[in-house]
Amino acid sequence: MSELLNFHFDVDGNDFTSAGQASIQIKKNLRRLGLDPETIRRVSIAMYEGEINMVIHAHGGEADVNIYENYIEIILKDNGPGIKNIEQAMQEGFSTAPDQIRSLGFGAGMGLPNMKRYTDYMKIESEVGKGTTVTMRVDI
Amino acid sequence: MTVYELSQNSQFNVLCLPEPEREISGVYIGDLLSWVMGRAQGDNVWITIMSNINVIAVASLSDVSCVLLAEDVTLEENILKTAIEKGINILSTPLAAYETAIKISGMI
Ligand SMILES: Nc1ncnc2c1ncn2[C@@H]1O[C@H](COP(=O)(O)OP(=O)(O)OP(=O)(O)O)[C@@H](O)[C@H]1O
Ligand SMILES: [Mg+2]
């Protein structure tokens, strides 16, 4: 099935201050498309958590948002260090964030659980030393 | 109650108010960003002592009606500018989070 619309973003891994820009842009685009506020909120939260993870843990990456007739798909792809134990990473409270990142308010270990909670489908593919791809879908 | 009405209380100071008519549905208190992201409801007032730039993104994406900086926490000028651009209301108060929440609870 081909997507109706695609939005692509390069997520800068060095710029902490602008982290979240792709998600904020997507929120705007979805509003313009007239989607309902709760769907927009779910997509925004899930995408932001994934975007921030790429910045904090993987030196940035790429984000694609595909809009299909019945769902919105978010694909976040990075060439970072990968996740050794995905099951452990998915647990609430698990975090490897360093102290200076924690002092900014990150590192609660809630990002991946939030992504799972706010989407209808989520898949993590990761290889240590190669990178991580997270695919999420929110039904419309 | 709207954020504008909240801001009229003498304990609350306006740092910026680009969307004064936003309704307030309740309060969420927290400083861990992804915790707030996951638990705050849309239209909540978010009480926090965090004041870095990422607060603006979290406020925008979680769709809270206003950020309320407790204990007289201040914001850098450039962060305030971003907040105005993104339509994020920000108030501050000398009160601690607990007293702030009680005050709002009595108002809504
Ligand atoms: N893209 C990624 N590349 C490498 N490791 C990752 C990636 N995303 C998540 N992780 C790993 O999974 C852990 C848990 O991620 P999660 O988003 O739940 O929490 P966090 O980012 O550490 O903190 P929070 O999201 O609450 O600010 C991270 O600490 C990190 O070790
Ligand atoms: Mg995270």
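A salt bridge is a side-chain nitrogen of Lys or Arg within 4 Å of a carboxyl oxygen of Asp or Glu. Side chains of opposite charge can pair when their charged atoms come close. The model is predicted: local features need pLDDT of at least 70, side-chain atom pairs count only at pLDDT 80 or more, and totals for chains, interfaces and linings use all residues. Residues are numbered from 1 along each chain as its sequence is written, chains are lettered from A and ligands numbered from 1 in the order in which they are written, and side-chain values use heavy atoms, with hydrogens and water left out.

Chain B comes first. Chain B has 5 helices and 5 strands. Here helices (H or I, at least four residues) and strands (E, at least two) are DSSP runs, numbered from the N terminus. Their order along the sequence is α-β-β-α-β-α-β-α-β-α. The radius of gyration, taken over C-alpha atoms, is set against a globule rule of 2.2 Å times the number of residues to the power 0.38. Chain B has a radius of gyration of 12 Å, close to the 13 Å that the rule gives for 108 residues, so chain B is as compact as a globular protein of that length. The C-alpha trace of chain B spans about 30 × 25 × 25 Å along its principal axes. Of its 108 residues, 56% count as buried. Buried means under 20% relative accessible area, exposed over 50%, and partly exposed in between (1.4 Å probe, protein chains only).

The two chains meet at an interface. Contact (heavy atoms within 4.5 Å) involves 24 residues from chain A and 22 residues from chain B. The area buried between chain A and chain B is about 2,000 Å², and carbon and sulfur atoms give 56% of that area. Buried area is the accessible area (1.4 Å probe) that two parts lose on being put together, summed over both. In chain A, Ile24(A), Arg41(A) and Tyr48(A) lose the most area to chain B, together 27% of what that side buries.

Charged pairs occur within and between the chains. The whole structure holds 10 salt bridges over all chains. Across the interface of chain A and chain B, the rule finds 3 salt bridges. In one salt bridge, Lys27(A) pairs with Asp63(B), with the closest N and O atoms 3.6 Å apart. Within chain A, Arg41(A) forms a salt bridge with Glu38(A) at 4.0 Å, N to O. Both lie in helix H2 of chain A, 3 residues apart, about one turn of the helix. Arg41(A) is buried, at 8% relative accessible area. Glu38(A) is partly exposed, at 43%.

Within chain B, Asp43(B) and Arg22(B) form a salt bridge at 2.7 Å, N to O. Distant parts of the chain are linked by this pair: Asp43(B) sits in the loop between helix H2 (33-39) and strand S3 (44-48), Arg22(B) in the loop between S1 and S2, 21 residues apart. Asp43(B) is partly exposed, with a relative accessible area of 29%. Arg22(B) also forms a salt bridge with Asp63(B), at 3.4 Å, N to O. Asp63(B) lies in the loop between helix H3 (54-62) and strand S4 (66-69), so its pairing with Arg22(B) ties together parts that are 41 residues apart in sequence. Arg22(B) and Asp63(B) are both buried. Salt bridges that share partners join Lys27(A), Arg31(A), Arg22(B), Asp43(B) and Asp63(B) into one network.
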